[in-house]
Amino acid sequence: MRKNTSPAEGPDRLVYQCRLGLSTATLDLVSTVIRCHLEKIRSRWRKLPPGRIALIVLAVLRHDQRLSDMAGGNDISASTVRRWLLEVIGLLAARAPRLDRALKKIARKGGVVVLLDGTLVRTRTRTRTRRRTGDENRPNYSGKHKAHGLLFLALTDEKGNLIWISAAKPGRSSEITTARHNKITHHLRQAGLGSLADLGFTGLDDDPDDPVVITGRKATRGHPLTAAQKEANRLVSRERAANEHGFADLKNWRILTKVRMNARHATTLLRALLVLTNAEIVR
């Protein structure tokens, strides 16, 4: 005699739902990227169609949902969601513009200046299995922000649209050293553009007679700023305010609340989010 092992009564399985504050164009973009990739590798079958895969990936990126939550409501495993997530992130990151091409595109449109700034994306120091301590995690500690994280530089146009983002550097790295590593002044001169930056980039430009990076002036104990220099600093700060919109748009993706990846994967993630942000917001 067969035994009935199913419960006589009980609630149905819970399904986690969330509302994505994203446009249909963004969903179509990700769906098209997945569909083209499947055609390229000649993959004839996936558990879900490209549109559903795109929706799940965007939900994880936008709301930082647990993979198990997204998997349970769609009859797939958490490992499958993770594989789709990493696959789509890599495909989107490949569409992120290079620094030289991004600057030349701004110059072709008639732009004359871009905005340069850095931000710290915080990282988790504790995982379920181990805790990174000592020499292993010390490079990621930022004394400026008093937190562990990864440093990124970004360029925005005059309206605050993100146009480029750098590779991740350990949190203890300085912004000016990272800018020199990426040869930002060289690329600006090649494109015939200038840049506005905060006082953290003072001394970045090695040509004071014909600077391409304008940072304002710093006061010292023996040399306070004049009224004209203070007004110039206010003008630079006012123009740079648009850059904050670019970083705010990027950090609307809640997966950046605290990154759980190493520097290489975090770079891929940020560049993928750059592509999605530009698809979602155009000023």
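Tutor: Start with exposure: buried means under 20% relative accessible area, exposed over 50%, and partly exposed in between (1.4 Å probe, protein chains only). Helices (H or I, at least four residues) and strands (E, at least two) are DSSP runs, numbered from the N terminus. This is a predicted model, where local features need pLDDT of at least 70, side-chain atom pairs count only at pLDDT 80 or more, and totals for chains, interfaces and linings use all residues. Residues are numbered from 1 along each chain as its sequence is written, and side-chain values use heavy atoms, leaving out hydrogens and water.

Student: Which residues of helix 5 are buried?
Tutor: Leu 99, Asp 100, Ala 102, Leu 103 and Ile 106. Looking down the axis of helix 5, these buried residues fall within an arc of 165 degrees (taken from the directions from the axis to the C-beta atoms), so they line one face of the helix. Arg 101 and Arg 108 are exposed on the other side of helix 5.

Student: Which helix gives the most to the lining of the second largest pocket?
Tutor: Helix 5, with four residues. Strand 4 (162-165) and helix 9 (263-280) each supply at least two. A pocket is an open set of points on a 1 Å grid over the protein atoms alone, where a 1.4 Å probe fits, with protein on both sides within 12 Å along at least five of seven lines; lining residues have an atom within 4 Å of a point.

Student: Which of the 23 lining residues lie nearest the pocket's centre?
Tutor: Lys 105, Ile 106, Lys 109, Asp 157 and Ile 163.
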